[in-house]
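This report is for a reader new to the structure. Please look at the sequence and the model before reading on.

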Amino acid sequence: ITIIAEGEAISHPQLPSVGPDGGWRVAKELGRPEQFILPSAMCGALLCKFGDGQAFVIGSNRTFIVQTSGKLYFSVNDRTHALIDNRGGFKVTIQTQ
C-alpha cells in the first residue's frame, strides 16, 4: 500500500506546527525518550501500526507491503501521556495496489 499524508499538527502548545514528517528534533534527543511512542522518530511525525504491532513512521509518503492483518492506527509521535494537548491533524490517503 501507499500512504500519503498532508496537513499540520501541534504536539505541544509552545511548539510550532509540523507536517507529517515531524520536525525540530528526534524524540530520543529529548529527556525521557522512552515516553514517546517511537523514540527514534522525529517529534510530531505521523506514525502507523497494524493491530497490536510495532509503530513505524509514515511521514508524508510511504509505500510498503503489508505483512500482517489488523486494524490500522495512526498517531503523531508524542509522549504517550501528552497526546491530549495535540491540535491540528493530517489528511491521510491510502492507496492499495
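## Basis

This is a predicted model, in which local features need pLDDT of at least 70 and side-chain atom pairs count only at pLDDT 80 or more, while totals for chains, interfaces and linings use all residues. Residues are numbered from 1 along each chain as its sequence is written, and side-chain values use heavy atoms, with hydrogens and water left out.

Strands are DSSP runs of E with at least two residues, numbered from the N terminus.

Two strands pair if DSSP finds at least two bridges between them. E2 pairs with strand E5 (residues 72–76) in the antiparallel sense over five bridges, and Phe50 stands opposite Leu72 in E5. E2 also runs antiparallel to strand E3 (residues 56–57), joined by two bridges; here Cys48 stands opposite Phe56. Five residues separate E2 and E3 in a hairpin, and Gly51 in the turn has a positive phi of about 55°.

## Two loop residues

Arg32 lies in the loop between strand E1 (2–10) and E2. Its phi is positive, about 55°, although Arg32 is not a glycine. Arg32 counts as exposed (over 50%) because its relative accessibility is 53%.

Asn77, in the loop between E5 and strand E6 (87–95), has 0% relative accessibility and therefore counts as buried.

Note on methods. Helix = DSSP H or I, 4+ residues; strand = E, 2+ residues; numbered from the N terminus. Buried < 20%, exposed > 50% of the residue type's maximum accessible area, 1.4 Å probe, protein only.
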